[in-house]
Amino acid sequence: MYEYESSIDDNDLKKVGLELMFMTPERCSSEFGITAVELAKLVELPIEIVKKKLNILKECELVHVKGINPKYWKFDNYKFQRMDEDDDIYKLLCCFDDVDFDRYFTY
């Protein structure tokens with residue numbers, strides 16, 4: 001099991017998680033996913049913070065990583081759908097109160 005200090009207001013983790021959750025193959029530069037550098041540019045956060053948040057998501061098995069240099073990150077919808085609803089990260093990623101979906105979808 002992963003270690004996560006419960007912080008329902010971890011906006012950086014939420015940004016990274018939601019960006020990966022709604023990442024389509026067309027928005028990735030590789031079929032394997034997106035690099036941390038590309039993700040940091042999308043969410044407008046420093047690369048160090050993005051890497052920490054990616055590791056949190058990796059520990060709870062919500063993202064998979066492929067490759068060594070560069071590492072490609074991809075969200076695991078299957079694992080997310082099977083998470084415990086009382087899990088703090090699940091609650092964080094399911095709270096859509098302040099989410100602008102126009103960022104992820106074009107209508």
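**Notebook: helix packing, salt bridges and backbone exceptions**

**Entry 1. Helix α1**

I began with helix α1 (residues 11-21), where eight of the eleven residues are buried, so the helix is largely enclosed by the rest of the structure. I note at the outset that the model is a predicted one. I listed the buried residues of α1 as Leu13, Lys14, Val16, Gly17, Leu18, Glu19, Leu20 and Met21. I then asked which elements the buried residues of α1 pack against. I found the helices α2, α3, α4 (77-81) and α5 (88-94), together with the strands β1 (63-66) and β2 (72-75).

**Entry 2. The chain as a whole**

I counted five helices and two strands in the chain. Read from the N terminus, their order is α-α-α-β-β-α-α. The chain has 107 residues, and I recorded 41% of them as buried.

**Entry 3. Helix α2 against helix α3**

I next examined the pair formed by α2 (residues 36-43) and α3 (residues 47-59), whose axes come within 9 Å and cross at roughly 110°. Angles of 65 to 115 degrees count as roughly perpendicular, and the two helices α2 and α3 are therefore roughly perpendicular to each other. Which residues make the contact? On the α2 side I noted Ala36, Val37, Leu39, Ala40 and Val43, and on the α3 side Ile47, Val50, Lys51 and Leu54. By type, the residues of this contact of α2 with α3 comprise eight nonpolar, one charged and no polar.

I kept in mind that an α-helix has 3.6 residues a turn, so residues three or four places apart point the same way.

**Entry 4. Glu44, between the two helices**

The loop between α2 and α3 contains Glu44. I noted a positive phi of about 55° for Glu44, although this residue is not a glycine. Most residues other than glycine have a negative phi. Is Glu44 buried or exposed? With a relative accessibility of 69%, Glu44 counts as exposed.

**Entry 5. Salt bridges**

How many salt bridges does a search of the whole structure find? The search returned three, and I took them in turn.

Asp10 pairs with Lys53 in a salt bridge whose closest N and O atoms are 3.1 Å apart. Asp10 belongs to the segment before α1 and Lys53 to helix α3, so this pair ties together parts that are 43 residues apart in sequence. I checked the burial of both partners against the cut-off of under 20% relative accessible area. Asp10 counts as buried at 13%, and Lys53 is buried at 14%.

Glu19 forms a salt bridge with Arg27, and here I read 2.5 Å between the closest N and O atoms. Glu19 is one of the buried residues of α1, and its relative accessibility is 0%. Arg27, by contrast, counts as partly exposed at 31%.

The side chains of Glu61 and Lys79 meet in a salt bridge at 2.9 Å, N to O. Glu61 is in the loop between α3 and β1 and Lys79 is in helix α4, so the pair ties together parts that are 18 residues apart in sequence. I recorded Glu61 as partly exposed, with a relative accessible area of 41%. Lys79 counts as partly exposed as well, at 33%.

I returned to Glu61 for its backbone. Its phi is near 65°, a positive value in a residue other than glycine.

Where is Pro70 found? I located Pro70 in the loop between β1 and β2. The peptide bond leading from Asn69 to Pro70 is cis, with omega near 5°. Most peptide bonds are trans.

**Entry 6. Cysteines**

I looked for disulfides and recorded zero in the structure. Cys94 is in no disulfide, and the nearest cysteine sulfur, that of Cys95, is 9.0 Å away. A disulfide would need the pair of sulfur atoms within 2.5 Å. I noted Cys94 as partly exposed, at 29% relative accessibility. Cys60 counts as buried, at 9% relative accessibility.

Notes. Residues are numbered from 1 along each chain as its sequence is written. This is a predicted model: local features need pLDDT of at least 70, side-chain atom pairs count only at pLDDT 80 or more; totals for chains, interfaces and linings use all residues. Side-chain values use heavy atoms; hydrogens and water are left out. Axes are lines fitted to C-alpha atoms, for helices over the stretch in contact, and angles run from 0 to 180 degrees between N-to-C directions. Helices (H or I, at least four residues) and strands (E, at least two) are DSSP runs, numbered from the N terminus. Angles under 35 degrees count as roughly parallel, over 145 as roughly antiparallel, 65 to 115 as roughly perpendicular and the rest as oblique. Contact means heavy atoms within 4.5 Å. Ala, Val, Leu, Ile, Met, Phe, Trp, Tyr, Cys and Pro count as nonpolar, Asp, Glu, Lys and Arg as charged, and the others, Gly among them, as polar. Buried means under 20% relative accessible area, exposed over 50%, partly exposed in between (1.4 Å probe, protein chains only). A salt bridge is a side-chain nitrogen of Lys or Arg within 4 Å of a carboxyl oxygen of Asp or Glu.
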